[in-house]
Amino acid sequence: MEKLIINEKKQTILVDFKDIISFNATGRYTQVITLSGKYLSCKNLGALEQELPDYFYRIHDSHAINLLDNCMRLCSTILLSYRRSIRLISYT
C-alpha cells in the first residue's frame, strides 16, 4: 500500500505516505501531519504504526516521524527516549 487511508468526519481520505511528515497520538485518535494539512485518524498510533513503511520511526509513545522527509527537509536533531539525540546529516 502506498497510501494511508484516513477516515475523518464521515469521509475517507487517501494520503501518500511520502507526504506524511509525522503522527501525534491524541488519546484514542492520531493526528496525521502532512505537507498539505492535518487530519485526525480514528485509529490509535499503535494501530497505524502496523500499516506504515519502514522509513517511519516512533520517537516517543505519542509521536512517530517520517525519517526520509525529516532527513531531507529538516536536517535537524531527533530527540530520542532517555534524552539522547542523533544529528542527521544533509544529503545535499
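Begin by selecting strand E3, residues 20-26, together with strand E7, residues 63-66: three bridges join the two, and they run antiparallel. The model on display is a predicted one. Within this pairing, select Phe 23 and then its bridge partner in E7, which is Ala 64.

Five strands make up an open sheet, and their order is E5-E4-E3-E7-E6, with antiparallel pairing. At its edges are strand E5 (38-41) and strand E6 (56-60), each of which pairs on one side only. Viewed strand against strand, neighbours in this sheet are turned by 20° on average, direction ignored.

Now display the aromatic side chains. Across the whole structure, a search finds three aromatic pairs. One of them consists of Phe 23 and Phe 56: the ring centres are 5.6 Å apart and the planes stand at 65°, so the pair is edge-to-face, as planes over 60 degrees apart count as such. Because Phe 23 lies in strand E3 and Phe 56 in strand E6, this pair ties together parts that are 33 residues apart in sequence.

Is Phe 23 buried or exposed? Phe 23 has a relative accessibility of 0% and therefore counts as buried. Phe 56, with a relative accessible area of 10%, is buried as well; the cut-off for this class is under 20%.

How values were computed: Residues numbered from 1 in each chain as written. Predicted model: local features only at pLDDT ≥ 70, side-chain atom pairs only at ≥ 80, totals over all residues. Heavy atoms only, no water. Pairing = 2+ DSSP bridges. Helix = DSSP H or I, 4+ residues; strand = E, 2+ residues; numbered from the N terminus. Axes fitted to C-alpha atoms, helices over the stretch in contact; angles between N-to-C directions. Phe/Tyr/Trp six-rings, centres within 6.5 Å; stacked < 30°, edge-to-face > 60°. Buried < 20%, exposed > 50% of the residue type's maximum accessible area, 1.4 Å probe, protein only.
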